[in-house]
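Work through the following exercises with the sequence and the model at hand.

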Amino acid sequence: MNNRNARTEEDTTTSRIVGRNIKRLRTARGLSGRRLAALVQERGFRFNHSSLSRMELGINAKGGQRAVTVDELVAVASVFGVEPQELLTEPKCVACFDAPPLGFACRSCGAAA
Ligand SMILES: [Zn+2]
């Protein structure tokens, strides 16, 4: 087993799901990328707007795949006030994608922000 190959063939499927979920929640809550990055920074992370964009897109600075760290996951989840686990899976509701706008409840699944 060649470690270098293992690295380049790293499976970031879950990181991509997390990235899409973060973008979806951020948009639903009306947060700009800069605002969300600032809120994550307040939790002690070196985390700027570019970091957030790359996390949402799943692409690192060199154009490769970007994995989300568990610490980033926990920090972003705490900003949104959700459990980290909620960011790890694809949304179940096709109406609101599990993220109704802040202050609203979904008529299909009953989820509330
Ligand atoms: Zn819903």
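The exercises below proceed from the overall fold to helix packing, the core and the segment at the end of the chain.

The model is a predicted one, in which local features require pLDDT of at least 70 and side-chain atom pairs count only at pLDDT 80 or more, while totals for chains, interfaces and linings use all residues. Residues are numbered from 1 along each chain as its sequence is written.

**Exercise 1. The overall fold**

Task: State how many helices and strands the protein has, and what its C-alpha trace spans along the principal axes.

Solution. 
1. Helices (H or I, at least four residues) and strands (E, at least two) are DSSP runs, numbered from the N terminus.
2. On this basis the protein has five helices and zero strands, and its pattern along the sequence reads α-α-α-α-α.
3. The C-alpha trace extends over about 50 × 30 × 20 Å along its principal axes.
4. A residue is buried if 20 or more other C-beta atoms lie within 10 Å of its own, exposed if 12 or fewer, and partly exposed in between, with C-beta atoms placed from the backbone. Of the 113 residues in the protein, 23% are buried.
5. Two residues are in contact if their C-beta atoms, placed from the backbone, lie within 7 Å. Taking contacts between residues at least 6 apart in sequence, 47% join residues at least 24 apart.

**Exercise 2. Two helix pairs**

Task: Determine at what angle H3 and H4 cross, and at what angle H2 and H4 pack.

Solution. 
1. Axes are lines fitted to C-alpha atoms, for helices over the stretch in contact, and angles run from 0 to 180 degrees between N-to-C directions.
2. Angles under 35 degrees count as roughly parallel, over 145 as roughly antiparallel, 65 to 115 as roughly perpendicular and the rest as oblique.
3. Helix H3 (residues 33-41) and helix H4 (residues 49-57) have axes that come within 8 Å and cross at roughly 105 degrees. The pair is therefore roughly perpendicular.
4. H3 contributes Gly33, Arg34, Leu36 and Ala37 to this contact, and H4 contributes His49, Ser51, Leu52 and Ser53.
5. For classes, Ala, Val, Leu, Ile, Met, Phe, Trp, Tyr, Cys and Pro count as nonpolar, Asp, Glu, Lys and Arg as charged, and the others, Gly among them, as polar. The contact of H3 with H4 thus has three nonpolar, four polar and one charged residues.
6. The axes of H2 and H4 are 6 Å apart, and the two helices pack at about 120 degrees; H2 and H4 are therefore oblique to each other.
7. Here Gly19, Ile22 and Lys23 of H2 meet Met55, Glu56 and Leu57 of H4, a set that divides into three nonpolar, one polar and two charged residues.

**Exercise 3. Buried faces and the core**

Task: Identify which residues of H3 are buried, which residues of H5 are buried, and which residues have the most contacts inside the largest nonpolar core.

Solution. 
1. In H3 the buried residues are Leu36, Ala37 and Val40. They fall within an arc of 100 degrees seen down the axis of H3, so they line one face of the helix; the arc is that of the directions from the helix axis to the C-beta atoms.
2. These H3 residues pack against helix H2 (13-28), H4 and helix H5 (70-80).
3. In H5, Glu72, Val76, Ala77, Val79 and Phe80 are buried. Their arc is within 155 degrees, so they too line one face of their helix.
4. The cover over the buried residues of H5 includes H2, H3 and H4, whereas the face turned away from the buried side carries the exposed residues Val70 and Asp71.
5. A nonpolar core is a set of buried Ala, Val, Leu, Ile, Met, Phe, Trp, Tyr and Cys residues joined through C-beta atoms within 7 Å. The largest has 17 residues, and Ile22, Val40 and Val76 have the most contacts inside it.
6. H2, H3, H4 and H5 each supply at least two residues of this core; the largest share, four residues, comes from H5.
7. Ile22 touches Met55, Glu56, Val76 and Leu87, not counting residues up to four places away in sequence.

**Exercise 4. The segment after H5**

Task: Decide whether Phe97 is partly exposed or buried, and do likewise for Asp98.

Solution. 
1. Phe97 has 19 C-beta neighbours inside 10 Å and counts as partly exposed; Asp98 has 21 and counts as buried.
2. Phi is positive in each of these non-glycine residues, near 55 degrees for Phe97 and near 65 degrees for Asp98.
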